[in-house]
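User: Could you take a close look at one helix and explain how it sits among its surroundings? I am new to this, so please go step by step.

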Amino acid sequence: MELATVLPLNVVIVAASGNLGSTVTRYAISANHNVSILVRSEEKLHEAFTNKILKKIRNVYIGDCLDEDIVRTALTGQDCVIECLGNEQRPAAIDVLIRTITDLNCPNFIALGGASALLLPNGSPA
């Protein structure tokens, strides 16, 4: 199968307003994917993206990645989930994501994590 026959994908980026997540979001948009994002707050959303970029995002979901209802809503109908979490909630959030991906039979999951995912709970490097 040629790559062109599988594009564009419906992609949701979890933790899209962080440094890594916003970069991945912009790249996915430039690759002509149908991009949806899950962000923690509307404030962080507007800090991370210009209105020009926001207009290219298919769906914006605002909520906590530990909230199974918002995660299920954001992941429904997606071909790929890209996780860019980098905070202390990451292990618990990954559990929520994997359970939801399994329930929804989402075919692709990419776990990236941000730089802060490399820190120990006391803040020192892992």
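Analyst: The expected span of a helix is 1.5 Å times one less than its number of residues. In this predicted model, helix α1 covers residues 19-30, and its 12 residues reach 17 Å from the first C-alpha to the last, which is close to the 16 Å expected.

With its length settled, we can turn to the sides of the helix. The residues of α1 that count as buried are Gly 21, Ser 22, Val 24, Thr 25, Ala 28 and Ile 29. An α-helix has 3.6 residues a turn, so residues three or four places apart point the same way. On the other side of α1, by contrast, Asn 19, Tyr 27 and Ser 30 are exposed.

Cys 65 is found in the loop between β3 (59-62) and α4 (68-75), and it counts as buried because its relative accessibility is 8%, where the cut-off is under 20%. Leaving aside residues up to four places away in sequence, Cys 65 touches Val 14, Leu 38, Val 71, Leu 85, Gln 89, Ala 93 and Val 96.

Notes
Residues are numbered from 1 along each chain as its sequence is written. This is a predicted model: local features need pLDDT of at least 70, side-chain atom pairs count only at pLDDT 80 or more; totals for chains, interfaces and linings use all residues. Side-chain values use heavy atoms; hydrogens and water are left out. Helices (H or I, at least four residues) and strands (E, at least two) are DSSP runs, numbered from the N terminus. Buried means under 20% relative accessible area, exposed over 50%, partly exposed in between (1.4 Å probe, protein chains only). Contact means heavy atoms within 4.5 Å.
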